[in-house]
Amino acid sequence: MGASAALDYDAELMLRVKDGDEASFGLLLDKYRASVSHFLYRMVQDQGVSEELAQEVFLRVYKSRETYEPAAKFTTWLFRIATHLALNWLRDEKNERAQERLDQSTEDGPAREVADRAATVEQQMVYEVKVEEVRCAVAALPDKQRAAVLMHKYEEMEYSQIAKVLSCSESAVKSLLFRAYETLRVRLAHMA
Amino acid sequence: MNCPIKSQENTDWLLEYSAGRLDSEHAALMARHLETCPECARIVHAQQRVWNALSQWEPEPVSADFDRRLYRKIDAQPASWIDRLFRPLRPFWRPVVPLAAACLLIVAGVVLHTPRASLNPADSQVRVENTSAEQVERTLDDMQMLRELAVTPAPEESTSKSM
């Protein structure tokens, strides 16, 4: 019920954008800026790159307004663009700079945000180490499994919607997620 | 219920149950199964740990100038002159289009159902046939006249020859 109402509202906003209503584009941007950016950040694990990709997502949405047809849920379309861009970036960068950045940020990461938080240094370090382990465990997943986990966990998408985003069957998504979580269960078994 | 692990059916229930997203009916079934299945109970426990660990991973906030940079890119996009010309009118197009389509249909209906003499193909064919017969007859007369003129010598020519 709620999902269908959301579908109508977002699609209606996009149709208004198609009719030249710039304010509706602003509303969609407000609504999905954070979720798209955070999804991309968790996918590529680089703040600068993720923001550039998020900008590209919204730019593509804007450029596609003329041909937009509400055939699927708006978020399915939006995350399909985001996933496509992220997978392409990962594919292009995987053998070169991505691995270097990952290694570098693994070494530098824990100390990066310590000064920004109010908690004690010890608590902060424990937190950072935990997050770093999670980040590395997610980064080690195959790209499609990673995308499926992020959409399932953080975007709370249904299996059918993830299947549409990844252009595969619902049963394939179930199997993809089960395998991905199985890997994470092993890698993060020591975490309380 | 069948054990999701042994039967490899409904393995997604384990994930959804661990995440607290399974509906109450299925959650009750799963809870009863977990009491008797240590393997599934172990997976659910480990999955809940993973779920909690993932929840701790908060991304950095989006930059404050995100929108400004995006709109700058949008403004830098080349727009066609047609797009620029008609953009202010776009909000008004949508209500006008069905009205225009209805008017067009009415006009087409009126045009198609109005009887017209000139549109009768049989009449026009007869007229064409009549016209072409007259033209042929007149042409033949003209040719006959020209032939006669060519055969009869001019009076001046005959006079000069005799002299």
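Which residues of helix 2 of chain A meet residues of helix 3 of chain A? The legends below take up this question first. The model is predicted; local features need pLDDT of at least 70, side-chain atom pairs count only at pLDDT 80 or more, and totals for chains, interfaces and linings use all residues. Residues are numbered from 1 along each chain as its sequence is written, with chains lettered from A and ligands numbered from 1 in the order in which they are written.

**View 1. Helix 2 and helix 3 of chain A.** A:F25, A:L29, A:V36, A:S37, A:L40, A:Y41 and A:V44 of helix 2 meet A:Q47, A:V49, A:S50, A:E51, A:L53, A:A54, A:V57, A:F58 and A:Y62 of helix 3. Contact requires C-beta atoms, placed from the backbone, to lie within 7 Å; helices are DSSP runs (H or I, at least four residues), numbered from the N terminus. These contact residues comprise 12 nonpolar, three polar and one charged. Nonpolar denotes Ala, Val, Leu, Ile, Met, Phe, Trp, Tyr, Cys and Pro; charged denotes Asp, Glu, Lys and Arg; the others, Gly among them, are polar.

**View 2. Helix 6 (residues 143-153) and helix 8 of chain A.** The axes, lines fitted to C-alpha atoms over the stretch in contact, lie 9 Å apart at an angle of about 95°. Helix 6 of chain A is therefore roughly perpendicular (65 to 115 degrees) to helix 8 of chain A. Angles run from 0 to 180 degrees between N-to-C directions. Helix 6 contributes A:K144, A:Q145, A:A148, A:V149 and A:H152, and helix 8 contributes A:V173, A:L176, A:L177, A:R179 and A:A180.

**View 3. The contact between chains A and B.** Chain A provides 32 residues and chain B 26 residues. On the chain A side, helix 2 (22-44), helix 3 (47-63), helix 5 (121-139) and helix 8 (170-187) each supply at least two residues. That side has 16 nonpolar, five polar and 11 charged residues.

Conventions: Two residues are in contact if their C-beta atoms, placed from the backbone, lie within 7 Å. Angles under 35 degrees count as roughly parallel, over 145 as roughly antiparallel, 65 to 115 as roughly perpendicular and the rest as oblique.
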